[in-house]
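Reader: I have a structure to look at. Where should I start, and how do I read what I see?

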Amino acid sequence: MTETRKYFEKLVSNFDALCKIQNDEIIRFVQLKNQLFALLIEISNYKLLEIEMPKLCLDIAESEDCKDLVEEQRILAVNLADQLCSLLIGKIWYGGEILYHLNRLTISAYHLPKQIQEEINRLDGEKVDGLQFRIRLRNIEDPSDTIKNLIEKNNENINSTEGKCKKIEHTVYLDLKEQLDKKVSFYRSYIIEHYPLAANYFSFSGKCIKAYLCDERKELVVCRIQSYEDPTDTSVHLYEQILDFIPRPPYNCEKIDKQISSWSWFGINKSDWKISDQNFSKEFIHRELLTIYLAHAGENELVEFVKFFIKNRNLQVKFNVEENTFLSIEGDSTYNYLKIFNKKEINETDLESTLEKLNNYSSKYNKQVMFTSKPDNIVIEYFEKNHVKVRYIKDLTDLYFENDHSELIHLFIKSRLNLISFGVPNEINEGKLLINELRNCPRGKAGWPNYEKIGAEVFKFLFADSFAPYIAETQASNSADTLRRDLVVHNSFQSTSTFWSRINVDFKAKLLIVEFKNYKDEFDYDTMHSTTKYLSGKTGNFILIFSRLGGKQSIQDQQKEQLREGKLIITFNDIELIEMIEEKINGRNPLYRLDLKYFSLLKK
């Protein structure tokens, strides 16, 4: 049995016991809720399951008192049911068991008071491939017969469930382990030989590696690779069983008190148990190398990179000594005038001056701009509406990977690594993990606590270095406890030229209020307007809203209306946040996006 299943079963058992508590069993109830609290803390410490209970639930579970058994039972049972169902729908890798688990939870829920059952019925379902799964207790005329039927279905599902941690043949295991050791050894040796200065930035270099076989299908099995920072252990561990019940990344498959540094996966065909040559290959390494290089290369270095790969397409490249980020590119039927962007921050002045310089060049040239990563949509729209093509540096190298010629990328970057100043490698891994967590967080009530946690981490990752020091508080309340803000940040800006300094002057923003809206759909005006209750002359009149899909088109008019009243509301959706994280990974400060959003509201 996997650690994931052990702890999931403990949660299910606790839920069952909570459902069966009677009004006079106060001592037993306190014991159960304290056991739940200990379970949740252990799960969180080892990152075993993607479960996030609201703070109110944790406070109730931790308390050794019981002020209102019925109310506390209701809060714990409803939220635990919600989280358990959410785990089953996409957060755990397993097969053939979903009806079994949902039926078990349903059977337990029948013991709850009627009003709590009705509240569980009103929980939103999680949609997967168009299907909606959730505990359902509606329209039951004879609960006893229903329970009997569910038990019968459970037995059928138990009998049909396959793959309970199946052990592979030892000879197959030894062969797989040898293959994996050789491939990782080549990967690490190649990196140390060619890129010693950047070795720590590679996902599986100098790190402890855990490899798990899982998600068995008819013809193949998935091998999931996870790396951890551990100076005492840089070996490769392959587990001899095919695991049937494990969390999706970046959560741990076993009790490890470290966060995953990086992860990957690949399929292994069971007919020969051979690991593909593509895994940990030179091309695999060169792709990582390119990402690391683009994240750390300075402006002049990127110009050299672009010039080199454009010339390799038999095109002539010229540049202005005073404006070396502007390149004229000529060839057969090709006339392009290109601006390379690698400034840490971009503002409206940069956009306007770039457009002016592009337009002042000869009219026979196509006007283009090139970025290391996708900029804000405002930037893209600005250039496109002015007939400037937006390009990305990685577009220059895709063809080399497609045609197995990545060696040229390797040779160029290797020759120039000593010219690059490297930052902190953990920032790249942290950014990738945040993107993964954001993409995997379910929309709606089930994922609300987790979205708030991820949102606070995203804000810190993106902007903490703009403050000195960074001081923040999550789920902060006012003195009367009548208003609760998701995140409050002290506006201790480092530079008077930044966006944070500007809003301190324009909107008296001593505190930055950040709200996280985990809605399944775009939010409306009422939702946005409700956040303005947090604004005051004491804290300031600025609020930032993170939401999954952003606001409806009509809220832009309301944002302008609020701005006329002296209140600035800026919103970002998931796509924009991921782009900002990618920009941060690639060495650009995404703070310029707030400047642009403020500027666009002023112009409108």
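**Cores, helices and buried residues**

Author: Start with the core. The largest nonpolar core has 99 residues, and those with the most contacts inside it are Phe-459, Phe-499, Trp-500, Phe-542, Leu-568 and Leu-594. A nonpolar core is a set of buried Ala, Val, Leu, Ile, Met, Phe, Trp, Tyr and Cys residues joined through side-chain atoms within 4.5 Å. Buried means under 20% relative accessible area, exposed means over 50%, and partly exposed lies in between (1.4 Å probe, protein chains only). In soluble globular proteins, nonpolar side chains tend to be buried together.

Author: A word on the source. This is a predicted model, where local features need pLDDT of at least 70, side-chain atom pairs count only at pLDDT 80 or more, and totals for chains, interfaces and linings use all residues. Residues are numbered from 1 along each chain as its sequence is written, and side-chain values use heavy atoms, with hydrogens and water left out.

Reader: Which residues does Trp-500 touch, not counting residues up to four places away in sequence?

Author: Contact means heavy atoms within 4.5 Å. Trp-500 touches Phe-459, Phe-463, Ser-466, Phe-467, Asn-491, Phe-493, Leu-512, Phe-542, Leu-591 and Leu-594, with residues up to four places away in sequence not counted. There is also a second, separate core of 45 residues, which includes Phe-8, Val-78, Leu-87 and Leu-102.

Reader: How many helices and strands does the protein chain have?

Author: Helices (H or I, at least four residues) and strands (E, at least two) are DSSP runs, numbered from the N terminus. The protein chain has 21 helices and 19 strands. Of its 604 residues, 54% count as buried. Now take contacts with a separation of 6 or more: residues 24 or more positions apart account for 72% of them.

Reader: How do I read a pair of packed helices?

Author: Two packed helices are described by the angle between their axes and the distance between the axes. Axes are lines fitted to C-alpha atoms, for helices over the stretch in contact, and angles run from 0 to 180 degrees between N-to-C directions. Helix H4 (residues 69-91) and helix H5 (residues 98-109) pack at about 175 degrees, with their axes 11 Å apart. That makes H4 roughly antiparallel to H5. The cut-offs are under 35 degrees for roughly parallel, over 145 for roughly antiparallel, 65 to 115 for roughly perpendicular, and oblique for the rest.

Reader: Which residues in H4 and H5 meet?

Author: Leu-84, Cys-85, Leu-88 and Ile-89 in H4 meet Ile-98, His-101, Leu-102 and Leu-105 in H5. By class, this contact has seven nonpolar, one polar and no charged residues. Ala, Val, Leu, Ile, Met, Phe, Trp, Tyr, Cys and Pro count as nonpolar, Asp, Glu, Lys and Arg as charged, and the others, Gly among them, as polar.

Reader: At what angle do H20 and H21 pack?

Author: H20 (residues 574-585) and H21 (residues 592-603) pack at about 135 degrees, with their axes 11 Å apart. H20 and H21 are therefore oblique to each other. Glu-576, Glu-579, Met-580 and Glu-583 in H20 meet Tyr-592, Arg-593 and Lys-597 in H21. That contact has two nonpolar, no polar and five charged residues.

Reader: Is Ser-203 buried or exposed?

Author: Ser-203 is buried, at a relative accessible area of 6%. Ser-203 lies in the loop between helix H8 (170-194) and strand E5 (208-214). Its side chain makes a polar contact with the side chain of Glu-288 (2.8 Å). A polar contact is a pair of N or O atoms within 3.5 Å; within protein, one must be able to donate a hydrogen and the other to accept it, and residues adjacent in sequence count only if both atoms are side-chain atoms.
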